Amino acid sequence: MRKPLAKDALRQLAEQHGVCVRPLALRRTDTETGVTEVVEVPCGATLAAKCKPCAERGRRLRIQQIREGWHLADEPAIRPEHPSEDVLALIRVRAHMEFEREALQYQPMHPDERAAQLADLDAGIAELDEALGQTDLRGHLTPRERTDRPRRKRSTKRRQDSPDLPRLPVDPRTVGRAYAARDGKTYRPSMLVTLTLGSHGAVHSHLRRGAYVAPCECGQRHGPHDDVLGTPVDPAGYDYRRAALDSIHFARVLDRWWQNVRRAAGWNVQYAGAVELQRRLAPHAHFAIRGTLPRRLLKQIAAATYHQVWWPAFDEPRYTVDKPPVWDVEQQAYVDPKNREPLTPWSHALDELEEPDSRPAYVARLGRIDARGIEQGTRDAERSIRYVTKYVTKDLTDQARPRSDAQKAHFDRLHAELSVLPCSPTCANWLLYGVQPDGVKAGLTPGRCTGKVHQRSTLGFTGRRVLVSRQWSGKTLADHRADNRAWIRAILAGGMADTDPADQGQGDDEHGQDQAAGDNPQRYRFELARPEDPDVLPLEHRILRAVSARIRWRTDLDAARQRAAHGLSATPQTLTPAA
């Protein structure tokens, strides 16, 4: 039994050489020549538990993205291309169809005939929108769904229990301020900011100040691997409900934080960071900010940042998970199991919030903030980048996974609170509080909502793990990958193993006469190849072949880098592949 397994050895070898351990087999068909072949692409997993090489590749790409955009001296150049005449023609036809649909409402005709014509127009509009979706346009031309529901408006007046914030006109610049020293040297520092939720109760902690270990709230000094770290000092007095609600709405609080930062700073502050879990199971975020802001202003913004949850009240549950409301087929609603009275519809529950004296169901606030300056090109800057991206390849709860009975009890208690709280207007848990969920339907089971909030792997947080502002580096992840491929091609000078013009997007001759494949994105059709197809090799054979190709490719790349070391010394930093 001590002998290593062959499959484990193959997986370990693939991970050592950065080869995807579960590649996807795609069947590529050339529509011009009719040639069909099977190609392999990496799975692109972001979690190391699924595919460690792909996850590490994504993490290195994030490191490169943060490094390139953190200390920019010039504004990132983002110049969208003009739409082609074909795209404008489709939009023109779409405008005419929208005009005809509106004009049809005022023409005298029978309601059934009007409904039939509207259905035909909507079908044509759907086909045209699908055609627009296949073009190079970003975003949607119109909202995805037509809705006649009135939009509810909330007051934007600040709460009286929150401090006021300075509000300045937001300058479109994204580059921070540069400082000149007496010796004439120019410094352009940036910041590393950590945002943490407030305390929900005292927890056991290990606080080290140099060689001195500060005592915990319980009066004792804990080691770095104590079994009670992160657990409440007083479990009975710990506010689990507030901890769960803060985790659910933490992503909204972060959005509100960045809005307040830009309004108070007076310029378009750019950021890049990631969200992690503390040992006490509360989410917190690390952000790299381009430029500097006064720490006093940042603390003032943190104290004034909040998010109001305008939902029906859910303080006290009216039903239990064991005896929930039941579905009534005749009324098409959930009713009380005793008196058969229907629950309050979602729209009626929101109408009650329109009263002048109504209050939000919950107010989520930001807690503590830590900020420090980072100088460009220092060891501290590189260490901070890796600190921000340290856990992006792991599941949210991996670094805070319980290891002792006390930590497991704390984890289970927080998850039990999350399992009965509503996560969205369509959550099934609204039935526990006597409210019909939005878009109610049969089959809802309170306590078993499939939303990510209630899963043990997320523990309440449902937003994106990695948050990067749009004008951080002026590039998307696809642009950074293209830069890396351009750097490799410059090194190898045509010696790459994959020299297919369709994959490289460029021709073989210097005049670009053979780059038709790269200019015609519709030339190739892709579909998933089935494992039982005769031309699809078993997974183990494909991994072995990929490992050999990667070793040969890496050897050729290292040899080419040594030969061209002096010639490529002036290569711009933006073309350097991810470390």
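Cys51 counts as buried because its relative accessibility is 0%, where buried means under 20% relative accessible area, exposed over 50% and partly exposed in between, with a 1.4 Å probe and protein chains only. The model is predicted, so local features need pLDDT of at least 70 and side-chain atom pairs pLDDT 80 or more, while totals for chains, interfaces and linings use all residues. Residues are numbered from 1 along each chain as its sequence is written, and side-chain values use heavy atoms, without hydrogens and water.

The structure has zero disulfides, a disulfide being a pair of cysteine sulfur atoms within 2.5 Å.

| Cysteine | Nearest cysteine sulfur and distance |
|---|---|
| Cys43 | Cys20, 3.6 Å |
| Cys51 | Cys54, 3.6 Å |

Helix 6 spans residues 250–265; helices (H or I, at least four residues) and strands (E, at least two) are DSSP runs numbered from the N terminus. Its buried residues include Phe250, Trp257, Trp258 and Val261. Seen down the helix axis, the buried residues of helix 6 fall within an arc of 165°, so they line one face; the arc is that of the directions from the axis to the C-beta atoms. Gly266, with a positive phi near 90°, follows helix 6.

Helix 6 also gives the most residues, eight, to the lining of the second largest pocket. Among the 40 lining residues, Arg154, Arg256, His307, Gln308 and Trp310 lie nearest the pocket centre. A pocket is an open set of points on a 1 Å grid over the protein atoms alone, where a 1.4 Å probe fits, with protein on both sides within 12 Å along at least five of seven lines; lining residues have an atom within 4 Å of a point.

Note on methods:
Expected span 1.5 Å × (residues − 1).
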